[in-house]
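Please look over the sequence and the structure shown below before reading on.

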Amino acid sequence: MVSVGDKVEVAVVGDVHGCGTSLARLLDRLDRTSPRARVILVGDLLTKGPTPERVVRLVRERRRGGPIESVCGNHDRRMLAALLAMEQGASLEELPGHERRCWVRLAAHGELASAREILCDAVRRVTIEGPARAWTVLHAGIDPRLGLDRSSDEVKWSIKARPGETAWWEQYGGQDGLLVFGHKPLDAPLRRTIDRAPVAVNVDTGCVEGGPLTAYLVHADRFLSVESEVLSGSRVASVPRSASGVRSRSFAGSS
Ligand SMILES: [Mn+2]
C-alpha cells in the first residue's frame, strides 16, 4: 500500500471488460490527479470488449511501477477456466462466445500467459479491505440480510437483482462499512449514503456498452470518468463481425 504521510489514496475502477483503451485513458487521468493512488479494479477484466490484450499489458506494466490489484469477478472465473481448458487441449469451438473471442485476441497478441497470471491473481481475492474495514471492494455485492462475513463468495462475485427485484444495496444498512463494487452497469455511478456517509458505491458505468469507465476515489469521495472507447469508434474498428472472422484473422496474425 502506498501512502503519503498518513493519507492513503485509493482509486477503485469499475468493470473494464476488455476496454483497454478506456483503461489507459483512465489510468492517465488518475496519474495526473492522484499519482500515488493504490488502484483496485472491481474485476471482469478481459471478456466482451475490443482490446483485452491492452488491459493485460497495462496491468502488467503498471505492476512494475506501483500497486494495481483486482478482486474476482464472475467473468474472470469464466475466462480463467477457458484459458485452463485450452491449455488442457480443449478446442476453441468448445468455448462460449465471449471467452472464445477473448482467447483468440489474447493469443494473436501473445498475451495468454500474462492473462493467465493476472486472472489467477484476481480470482484469489474475493474482497480487498481497507484499514479497520473502513471500506471493502468486491465485484458484485452481498446478501444484505447476511452481511459481508456471512455472504457466500459466489454472492460476492455474482449477486444481481432480477428485473423487478430491489437491488441489494437498497436494503444494505451500512453495518459493514463502505462497500465499493461493480457488476451491475448503471447509467451513472451510484453513491448511496446513510447520515451523509457513503455506504454503497457502484462504479460500473457500462463502458463495454458505450458508457464511461469510472473510478471512485475513496480518499476524496468523488468519481473520475473517461468516455468509452466504444463511443469513440475504436470498437467498430477492432471487433470483427463474426466469430469465424475472429478465428481466421487472429490465427493468421499469431502464426
Ligand atoms: Mn460481473
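Which residue in S8 is the bridge partner of Trp135? The bridge partner of Trp135 in S8 is Leu178, and the sections below place this pair in its setting.

## The model and its overall make-up

This is a predicted model, in which local features need pLDDT of at least 70 and side-chain atom pairs count only at pLDDT 80 or more, while totals for chains, interfaces and linings use all residues. Residues are numbered from 1 along each chain as its sequence is written.

The protein chain has nine helices and twelve strands, where helices (H or I, at least four residues) and strands (E, at least two) are DSSP runs numbered from the N terminus. Of its 255 residues, 43% count as buried; a residue is called buried if 20 or more other C-beta atoms, placed from the backbone, lie within 10 Å of its own, exposed if 12 or fewer do, and partly exposed in between. Among the contacts in the protein chain with a separation of 6 or more, 69% are between residues 24 or more positions apart, a contact being a pair of residues whose C-beta atoms, placed from the backbone, lie within 7 Å.

Another open sheet of five strands has the order S5-S4-S3-S11-S12, with mixed pairing. Its edge strands are strand S5 (68-70) and S12, each of which pairs on one side only, and neighbouring strands of this sheet are turned by 25 degrees against each other on average, direction ignored.

Within this sheet S3 and S11 pair in the antiparallel sense over three bridges, and the bridge partner of Val12 in S11 is Tyr216. Helix H1 packs on the sheet, touching S3, strand S4 (38-41), S11 and S12, and its direction makes about 135 degrees with that of S12.

## Helix H1 and its packing with H2

The axes of helix H1 (residues 20-33) and helix H2 (residues 52-65) come within 7 Å and cross at roughly 35 degrees. On the H1 side the contact is made by Gly20, Thr21, Leu23, Ala24 and Leu27, and on the H2 side by Pro52, Glu53, Arg54, Val55, Leu58 and Arg62. The buried residues of H1 are Gly20, Thr21, Ser22, Leu23, Leu26, Leu27 and Leu30.

## The nonpolar core

A nonpolar core is a set of buried Ala, Val, Leu, Ile, Met, Phe, Trp, Tyr and Cys residues joined through C-beta atoms within 7 Å. The largest one has 63 residues, of which Val12, Val13, Val180 and Ala215 touch the most other members. Leaving aside its neighbours within four places in sequence, Ala215 is in contact with Ala11, Val12, Val13, Leu26, Leu30, Val203, Phe223 and Leu224.

## Two residues with positive phi

Most residues other than glycine have a negative phi. His17, in the loop between strand S3 (10-13) and H1, has a positive phi near 45 degrees, and this residue is buried, with 29 other C-beta atoms within 10 Å. Asp221, in the loop between strand S11 (213-217) and strand S12 (222-226), has a positive phi of about 55 degrees although it is not a glycine, and with 13 C-beta neighbours inside 10 Å Asp221 counts as partly exposed.

Methods: Axes are lines fitted to C-alpha atoms, for helices over the stretch in contact, and angles run from 0 to 180 degrees between N-to-C directions. Two residues are in contact if their C-beta atoms, placed from the backbone, lie within 7 Å. Two strands pair if DSSP finds at least two bridges between them.
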